[in-house]
Amino acid sequence: MASEKEFQQKVRQLGTMVGELDQMPGGGSKVAVRELIQLLMEVHGTGLERIMELVFDSGAEGEAMIGRLGQDPIVRNLLLLYSLHPEDLEMRVLKALDTIGPRLRKLDSTVELISLRDGAVQLQLRTSGHVHGSAAKNLRSIVEEGIYELAPDLVSLTILGLEDEDVSGFVPLENLLKHPAAAHVLATSGLDGDGDN
């Protein structure tokens, strides 16, 4: 049986191949291949939908099984591909936020859902203190990976709270000095930290 990573790689490869098909010059064979792929997807989708109906109709055990299928990393992606996942996008985004919450708290950060509309998700990331450079990238990565793992079908993801931070790592001289007045004195005397004396 394929691992989750192998399955994800095959899904990406399939997407790449369909993209390459779109780049091919037009012609009867291109149209035929596209129709073949579409027909195959429809047949598989119809069969998978019927399987889900039969499992669901088997009662409480069936409902529990559908819940388990929705959590399985490989089956979850297949159900999402055919729009058959038992949980809606909002539920999956909220579960993802619950999952990444403990990791963020270890980094003195939190994230909350601001809005979810038409598949577009907006989150607010809050940190204690200033986050720069690789730390900001790390926080963004944790949030993005957690969200996309459970909700790869979302249209867009916006993370507020990091875009205002200076990711270059540059800290103004005024921020390093205890007394802002001292920074003003240095700046007016020509020692403003830019190397020109």
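Contact means heavy atoms within 4.5 Å. Helices (H or I, at least four residues) are DSSP runs, numbered from the N terminus. The model is predicted: local features need pLDDT of at least 70, side-chain atom pairs count only at pLDDT 80 or more, and totals for chains, interfaces and linings use all residues. Residues are numbered from 1 along each chain as its sequence is written, and side-chain values use heavy atoms, without hydrogens and water.

**View A. Helix α2 packs against helix α3.** Residues 28-57 form α2, and residues 60-71 form α3. Their axes (lines fitted to C-alpha atoms over the stretch in contact) lie 6 Å apart, at an angle of about 135°. On a scale of 0 to 180 degrees between N-to-C directions, the two helices are therefore oblique (not under 35, over 145 or 65 to 115 degrees). From α2, Met52, Val55 and Phe56 meet Gly62, Glu63, Met65, Ile66 and Leu69 of α3.

**View B. Helix α3 has a buried side.** Gly62, Ile66 and Gly70 are its buried residues (under 20% relative accessible area, 1.4 Å probe, protein chains only). They sit on the same side of α3, because their arc around the axis is only 85° (taken from the directions from the axis to the C-beta atoms). Their cover includes α2 and α4 (73-81). Ala60, Glu61 and Arg68 are exposed on the face turned away (over 50%).

**View C. Asparagine 77 lies in helix α4.** Asparagine 77 is buried, at 14% relative accessible area. Beyond its neighbours within four places in sequence, asparagine 77 touches Phe7, Gln8 and Pro152.
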